[in-house]
Amino acid sequence: MKYFLVGFMGCGKTTWSRKLAAKLGYEFIDLDHALEAQVGMSIAEYFSSFGEDAFRQMESDLLKNTAYPENVIVSTGGGLPCFFDNMDWMNANGQTLYIQLSPKTLADRLEHSKTVRPVLQGKKGDELVEFITGKLAEREGFYLQSQHIVDGISMSVEKLEEAIGV
Ligand SMILES: Nc1ncnc2c1ncn2[C@@H]1O[C@H](COP(=O)(O)OP(=O)(O)OP(=O)(O)O)[C@@H](O)[C@H]1O
Ligand SMILES: O=C(O)C1=C[C@@H](O)[C@@H](O)[C@H](O)C1
Ligand SMILES: [Mg+2]
């Protein structure tokens, strides 16, 4: 089975996809990392060289054209479910799981994370919370189309296993 983990930047998709895959003996694929390997630069560099539209096309193509192993946990980019028909494609080709967190919790995590996320443009503090609140309001309608939803607070592999029913 293919499981796609979706949710806002910083909700823990990469961290928990890796752990869940290890527990289940599944492969792990991070589409952000796969895109970086394919283009030979970081996402931040890709954004500044070619712009967001080119990035969205590239990530959608990668989602649909990757040769997935039979059993795999796929960590998706935070914006991926919200462009083109990507969410429908994931629901048709596997199972989707949304890691849900509040804007405040996401902001706390993102402020302390070392990964450069171009969409955030270096925002901090109240400005960051406000930005995430607006962006999440735009995006959550897509995330909520997931077949499974899990509260990202006090996360564990067991909680994820229970959510997907394995
Ligand atoms: N349950 C948790 N409690 C506290 N911090 C966590 C938890 N899960 C992940 N984190 C931390 O939150 C940050 C973001 O996690 P991660 O990179 O896995 O998010 P992501 O959803 O893959 O983000 P992106 O969409 O930007 O790739 C990391 O610094 C990670 O260590
Ligand atoms: O939320 C977003 O739009 C993004 C999230 C990251 O995972 C990366 O895919 C990229 O930085 C864009
Ligand atoms: Mg990630």
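**Salt bridges in the model**

Modeller: E138 is exposed, at 54% relative accessible area (exposed is over 50%, buried under 20%, partly exposed in between; 1.4 Å probe, protein chains only). This is a predicted model: local features need pLDDT of at least 70, side-chain atom pairs need 80 or more, totals for chains, interfaces and linings use all residues, and side-chain values use heavy atoms, without hydrogens or water. Residues are numbered from 1 along each chain as its sequence is written, with chains lettered from A and ligands numbered from 1 in the order written.

Confidence comes first. The chain averages a pLDDT of 97, and 100% of the residues score at least 70 (pLDDT is the predictor's confidence in each residue, from 0 to 100).

The structure holds seven salt bridges (a Lys or Arg side-chain nitrogen within 4 Å of an Asp or Glu carboxyl oxygen). One of them joins E138 to K135, N to O at 3.5 Å. Both lie in helix α7 (residues 125-143), three residues apart, about one helical turn (helices are DSSP runs of H or I, at least four residues, numbered from the N terminus).

Helix α6 (residues 103-112) holds K104 and D108, four residues apart, again about one turn. Their closest N and O atoms are 3.0 Å apart. K104 is partly exposed at 48%, and D108 is partly exposed at 38%.

E158 and K23 also pair, at 3.8 Å, N to O. This bridge links distant parts of the chain: E158 is in helix α8 (residues 157-164) and K23 in helix α1 (residues 13-24), 135 residues apart. E158 is partly exposed at 49%; K23 is too, at 47%.

How values were computed: Helices (H or I, at least four residues) and strands (E, at least two) are DSSP runs, numbered from the N terminus.
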